[in-house]
Amino acid sequence: MAENEKKVALTKQDRISVCFRSTFLQGSWNYERMQNGGYCYAMIPAIKRLYTTKEEQADALKRHLEFFNTQPYVAAPILGVTLALEEDRANGAPVDDAAIQGVKVGMMGPLAGVGDPIFWFTVRPILGALAASFAMSGNILGPILFFVLWNVIRYAFLWYTQEFGYQAGTAITKDLSGGLLQKVTQGASILGMFVLGSLVQRWVSVNFPIKVSEVALSEGAYIEWDKLPQGGEGIKQAIAQWSSGMSMDPTKVTTLQDNLNSLVPGLAALLLTFLCMYLLKKKVSPIVIILGLFVVGIVFHLIGLM
């Protein structure tokens, strides 16, 4: 829809308000729908501008109370696309609830996989190291520098990526009839599943410590602690022997987890993830799943299975 054909449009001040509110994205984080409250809160200025009746505003608020979770800063381009979709919907474009929610869900996965390494593992450690170098020399600029630089980078990223998403979202909605929106959503969903799948091994940990076998090692294959000298020299020799491949114990214990890892590393974690996905597909509440995992984990630990 062309800009001059729009009956109602978001102003720059509206978009600035949305950007500012997005800094509170995790202010009402919850286990069931995670960042949905913060996302809905950020969208309020736009909703008030675009919809005039209480019923339309209530429906829009409900749309953005669905499940949402991503790295907090990379939510900005998703907000931008959502603003464009809501704007075109308010002006009569055929944008339904499923399309808006589909874009949000399709984008949040891959962007989270990008946002975490950039902000948590790159930008913040670099700025922290720079500020620490000043602070260790007694310079008060250390903490001030970190605070100022971090927030300048953060706010600049939030604003410009939100604006980028807003402009890109407007372009996407121009070709709703051609299926561009569906293609973008499907592609983002596939990429998101790929990224999340690669993170299973890193974030999900399952361990079965049940002993399968216990074999006594021959002399020279393990560290003989009683023959090491006392003090620091003994510690030094122990570290050197351990580094050369010697075992710390005179017996080699093989657990069920060792056997599983030799077959497919992370198999148990992957199966647990698939189980949770299956339960979610069957409309089981995330709260019930989380409580179930707590109960099963505690019981299995008490009986020695995990």
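Buried residues make up 35% of the 306 residues in the protein chain; buried means under 20% relative accessible area, exposed means over 50%, and partly exposed is in between (1.4 Å probe, protein chains only). The model is a predicted one, in which local features need pLDDT of at least 70 and side-chain atom pairs count only at pLDDT 80 or more, while totals for chains, interfaces and linings use all residues. Residues are numbered from 1 along each chain as its sequence is written, and side-chain values use heavy atoms, with hydrogens and water left out.

**Whole chain**

Show the chain as a cartoon. It holds 11 helices and 2 strands; helices (H or I, at least four residues) and strands (E, at least two) are DSSP runs, numbered from the N terminus. From the N terminus on, the order is α-α-α-α-α-α-α-β-α-β-α-α-α. Accessible areas come from the Shrake-Rupley method with a 1.4 Å probe, and for residues only the protein chains shown count as cover. Of the contacts (heavy atoms within 4.5 Å) between residues at least 6 apart in sequence, 75% join residues at least 24 apart.

**Helix 1**

Select residues 12-21, which are helix 1. Its buried residues are Asp14, Arg15, Val18, Cys19 and Arg21. They lie on the same side of helix 1, because they cover an arc of only 165 degrees around the axis; the arc is that of the directions from the helix axis to the C-beta atoms. An α-helix has 3.6 residues a turn, so residues three or four places apart point the same way.

Stay on Arg21. This residue is buried but has no salt bridge, meaning a side-chain nitrogen of Lys or Arg within 4 Å of a carboxyl oxygen of Asp or Glu. The nearest side chain of opposite charge is Asp14, 9.6 Å away; Lys and Arg count as positive and Asp and Glu as negative, while His and the chain ends are not counted. Leaving aside neighbours within four places in sequence, Arg21 is in contact with Tyr41, Ala42, Ile44 and Pro45.

**Helix 5**

Go to Lys104, in helix 5 (residues 97-136). Lys104 is also buried without a salt bridge, and Glu86, the nearest side chain of opposite charge, is 7.5 Å away. Beyond its neighbours within four places in sequence, Lys104 is in contact with residues including Tyr39, Arg63, His64 and Phe68.

Select Met34, in the loop between helix 1 and helix 2 (36-50). Its phi is near 60 degrees, a positive value in a residue other than glycine.

Next is Lys283, in the loop between helix 10 (267-281) and helix 11 (286-302). Lys283 is not a glycine, yet has a positive phi of about 70 degrees. It is exposed, with a relative accessible area of 75%.

Then select Pro250, in the loop between helix 8 (232-243) and strand 2 (251-255). Pro250 is partly exposed, at 41% relative accessible area.

**A surface patch**

Finish with Trp29, Tyr31, Ile287, Leu291, Phe294, Val295, Ile298, Val299, Leu302 and Ile303, a nonpolar patch on the surface with about 1,000 Å² of accessible area together. Patches are made of residues with over 30% relative accessible area and no salt bridge, with like charges joined within 9 Å and nonpolar side chains (Val, Leu, Ile, Met, Phe, Trp, Tyr) within 5 Å. Among them, Val299 lies in helix 11 and is partly exposed, at 40% relative accessibility.
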